[in-house]
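Trainee: I have just opened this one and would like to go through it slowly. Can you walk me through it?
Mentor: Gladly, let us take it one topic at a time.

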Amino acid sequence: MRKRMRAVLANRGREAAPLPDTDSWPLGSPFRIGGVEIANRVIQAPLAGIANWAYRTQSRRHGAGATVSEMLASQGLIHDSRKTRDMLVVKPDEHPVGVQLFGADPEAMARAAREVEQAGADFVDINMGCPVKKICRTGAGAALLADPGGGARVVEAMTAAVDIPVTVKMRRGTTPATAQPTIAARRFVDAGAAAICFHPRAAAEEYDGLADHTITREVVDAVEVPVIASGDINDPATALEVMRSTGCQAVAVGRGALGNPWLFTALATGEIGDPPGPAEVISELERFAADACEALGEARACPYLRKFYPWYLAPLPVSKAELQAMLTAPTVDDALGAVRDLVASAA
Ligand SMILES: Cc1cc2nc3c(=O)[nH]c(=O)nc-3n(C[C@H](O)[C@H](O)[C@H](O)COP(=O)(O)O)c2cc1C
């Protein structure tokens, strides 16, 4: 996965592909997931360890039509784990927002879905894509794709338990050889899924190669609910091409927006503006850091934010020693000071 993260970052700052002429920008129009109206076709993808309310709020400020949380353990919610409960916070100004759950037990997932609904989420999403062994060993995440009947029972139990839409985030399958994404997606929709967010790599492929959205097209053709395409959609031209070639209703953006929330605006409007200047980058980072400190407390926000500094600084020539100093700063203020110095010296 590190390899793919590097590849995404290496593309930063490269000139974006030119956009074809369009009368209106198709990603800027609203669509619906069940009864929930979403103002545009750009969704912030669920990201474990990243997409807390601070990150989601930032994505919204920059134009994401909807956001999705990091994945939350259904067992954690029903056993009242403090850590999982903290992850369930939904802020009044971040709608529409989905909260993603993982788990394999239909009854536990249904109970957890009720908690998600009570917390104020607009939809509840099921993780059927996580390739991590610890999760798959419990039958959850991508393991549900090896047993679509089991996945369908989870969807059914959750749709019976809540009034908000239940959505599924899935990969193509567990391995390329055994994958049957159209059959699985149809079963989930028959069981009540109101939308499918589709990442066309198999779990065994992790993040290898480029996402093959010809498979997304097969899924779009197989179901009658909105399909949201996920995977390597990092510029407006690619987003438009994926929408047109697959017939999907929307696109999801994961790694491309890490340290680059401006990508949401570009995708939602089709306008490729100038890259943000140093002052804008710093002020964005400061605002995000303040929210992260509120969401997590300073002690947890400090290591959380360390992931982000290299992403924000990716377009700048930063030496290893400078990066190291920033990443070992003991407080958020110290780290932000180091980032400010680096940006000023590179300007
Ligand atoms: C760090 C990281 C964390 C992720 N966490 C989740 C998750 O919690 N739930 C999920 O369904 N997908 C998760 N994904 C997958 C993304 O939502 C997305 O489908 C994938 O990264 C491909 O899209 P991208 O090329 O835009 O990043 C994660 C991906 C990354 C890189």
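Trainee: Which strands close into the barrel, and in what order?
Mentor: In this predicted model, eight strands close into a barrel in the order 3-4-5-6-7-8-9-10, and their pairing is parallel. Direction ignored, neighbouring strands of this sheet are turned by 25° against each other on average.

Trainee: How many bridges join strand 8 to strand 9?
Mentor: Three bridges join these two parallel strands, and Phe198 stands opposite Ala229 in strand 9.

Trainee: What about helix 11, which strands does it lie across?
Mentor: Helix 11, residues 262-269, lies across strand 3 (42-44) and strand 10 (250-253), and it runs at about 170° to strand 10.

Trainee: Switching to helix 9, which of its residues are buried?
Mentor: Within helix 9, which spans residues 213-222, the buried ones are His213, Ile215, Thr216, Val219 and Val220. They sit on the same side of helix 9 because they cover an arc of only 150° around the axis.

Trainee: And which exposed residues are on the face turned away from that side?
Mentor: That face of helix 9 carries Thr214 and Asp221, both exposed.

Trainee: What covers the buried residues, then?
Mentor: The cover over the buried residues of helix 9 includes helix 8 (181-190), strand 8 (195-199), strand 9 (227-230) and helix 10 (236-246).

Trainee: Last topic, the ligand: which residues come nearest?
Mentor: There are 20 residues around the ligand, and of these Ala45, Ala48, Met71, Gly254 and Arg255 come nearest.

Trainee: How does that shell divide by residue type?
Mentor: The shell around the ligand divides into eight nonpolar, eight polar and four charged residues.

How values were computed: Residues are numbered from 1 along each chain as its sequence is written. This is a predicted model: local features need pLDDT of at least 70, side-chain atom pairs count only at pLDDT 80 or more; totals for chains, interfaces and linings use all residues. A residue is near a molecule or strand if its C-beta atom, placed from the backbone, lies within 6 Å of it. Ala, Val, Leu, Ile, Met, Phe, Trp, Tyr, Cys and Pro count as nonpolar, Asp, Glu, Lys and Arg as charged, and the others, Gly among them, as polar. A residue is buried if 20 or more other C-beta atoms lie within 10 Å of its own, exposed if 12 or fewer, and partly exposed in between; C-beta atoms are placed from the backbone. Helices (H or I, at least four residues) and strands (E, at least two) are DSSP runs, numbered from the N terminus. The arc is that of the directions from the helix axis to the C-beta atoms. Two residues are in contact if their C-beta atoms, placed from the backbone, lie within 7 Å. Two strands pair if DSSP finds at least two bridges between them. Axes are lines fitted to C-alpha atoms, for helices over the stretch in contact, and angles run from 0 to 180 degrees between N-to-C directions.
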